Amino acid sequence: MEGSHMGLLLFCFMVFAYASASSRNLPIIPFDEGYAPLFGDSNLVIHRDGKSVHLSLDERTGSGFVSHDLYLYGYFSASIKLPADYTAGVVVAFYMSNGDMFQNNHDEIDFEFLGNIRGKDWRIQTNVYANGSTNIGREERYGLWFDPADDLHQYSIVWTESQITFYVDNVPIREVTRTESMGGDFPSKPMTLYATIWDASDWATNGGKYRVNYKYAPYVAEFSDLVLHGCAVDPIEQVAKCDNDQSSEVIPFGVTPAQRIKMENFRKKHMTYSYCYDKLRYKAPLSECVISSQEAERLRKFDPVTFGSGRHHHGKRHRHTTRSQTEAASSF
């Protein structure tokens, strides 16, 4: 056990190191080697000898795929091109979860892309759940500095035992640091990687005001450059089998100073929601929140009800049901 723990610590160090580099330093896995179809039948189509996968949503079903292995920490990445035109109610997700194994106390690390009406931009949402704590949402929402339906862009998750970092085109956009006060609310159980497209009309666009219009179907999301660089876990013995190859190129540790500046600039310009400042949901910020007076003031100007007075109103709703439940319903 001691050797396994030391291997895990070494792997976590290497994961942080890889986070500072482009995924081109890591092997891109052909679909059949790392993944399997999850649902959707013919709505999942493999292209370019397994190097690209198209997921589509139509009036019959959405679609998705799942990694063969469970992972405890690692670097997970995909280049994604989202559907164009009218996409209200559509959600494309790239995420990790163990909801199939731990139904009452599951963990999740989410990238969710929320569609919109014509002329309005896609929004990107990140979220973290642990121990089934879906009643405590840790959502953040952002715009992007590009149109994600025009071309492929890289989205990455770095997960270690003490920190989770979300990246867009190698720019860190969010860090979640484990604190003692979080208790079990930090993902720490093995998870599988998923990619899906599905109908989330009930909540995805303006709290369900705008729904999927299948006149514009099929909605197609393209996934390529799939990277699974993690600590694989035996599903029976629940023992991590870490990649301890110390001959790997030495890369600077963690988020570089230049990347941190980019992250701060991104959040100043593009963040439109953070649970840490939501006075409608939480009377006081959760324990891990690091409050920035500048962020608080900017969000208060953007939405004075949610981030200012804290008075209840009839407005946008936040999702509290688990994705696995909703996706399962949408696939029938």
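Biologist: Are Glu140 and Arg174 buried or exposed?

Modeller: Relative accessible area decides this (buried under 20%, exposed over 50%, partly exposed in between, with a 1.4 Å probe and protein chains only). Both Glu140 and Arg174 are buried. The model is predicted, so local features need pLDDT of at least 70 and side-chain atom pairs pLDDT 80 or more, while totals for chains, interfaces and linings use all residues. Residues are numbered from 1 along each chain as its sequence is written, and side-chain values use heavy atoms, without hydrogens or water.

Biologist: In what do the side chains of Glu140 and Arg174 meet?

Modeller: They meet in a salt bridge, at 3.8 Å from N to O; the term requires a side-chain nitrogen of Lys or Arg within 4 Å of a carboxyl oxygen of Asp or Glu. Glu140 belongs to strand E9 (residues 140-142) and Arg174 to strand E12, so the contact ties together parts that are 34 residues apart in sequence. Strands (E, at least two residues) and helices (H or I, at least four) are DSSP runs, numbered from the N terminus. A network of salt bridges links Glu140, Arg174, Arg267 and Glu295.

Biologist: How many salt bridges does the structure hold?

Modeller: The structure holds 11. One of these joins Asp85 to Arg118, with the closest N and O atoms 2.7 Å apart. Asp85 sits in the loop between strand E5 (70-81) and strand E6 (90-97), and Arg118 in the loop between strand E7 (108-114) and strand E8 (123-129), so this pair connects parts that are 33 residues apart in sequence. Another salt bridge pairs Arg211 with Asp202 at 3.2 Å between the closest N and O atoms. Arg211 is partly exposed, with a relative accessible area of 43%.

Biologist: Which residues are the closest to the centre of the second largest pocket?

Modeller: A pocket is an open set of points on a 1 Å grid over the protein atoms alone, with protein on both sides within 12 Å along at least five of seven lines; lining residues have an atom within 4 Å of a point. The second largest pocket has a volume of about 650 Å³, the volume being the space filled by probe spheres set on the points, which are joined across faces, edges and corners. Among its 22 lining residues, Glu140, Glu175, Arg267, Val290 and Glu295 are the closest to the centre. Strand E12 (171-177), helix H3 (257-270) and helix H4 (293-302) each give two or more residues to this lining. The largest share, 5 residues, comes from H3.

Biologist: In what order do the 8 strands of the open sheet stand?

Modeller: The order is E1-E4-E13-E6-E7-E8-E9-E16, with antiparallel pairing; two strands pair if DSSP finds at least two bridges between them. Strand E1 (35-39) and strand E16 (271-274) stand at the edges with a single partner strand each, so one side of each has no neighbour in the sheet. E9 and E16 pair over 3 bridges, and Tyr142 stands opposite Met271 in E16.

Biologist: Which residues have a positive phi although they are not glycine?

Modeller: Most residues other than glycine have a negative phi, and most peptide bonds are trans. Tyr73 has a positive phi of about 80°; it is found in strand E5 and is buried, at 4% relative accessible area. Asp85 has a positive phi of about 70° and is partly exposed, at 44%. As for the peptide bonds, a cis bond joins Ala217 and Pro218, with omega about 0°. Pro218 lies in the loop between strand E13 (192-199) and strand E14 (219-233).

How values were computed. On a 1 Å grid over the protein atoms alone, a cavity is a set of points where a 1.4 Å probe fits but cannot get out, and a pocket is an open set with protein on both sides within 12 Å along at least five of seven lines; lining residues have an atom within 4 Å of a point.
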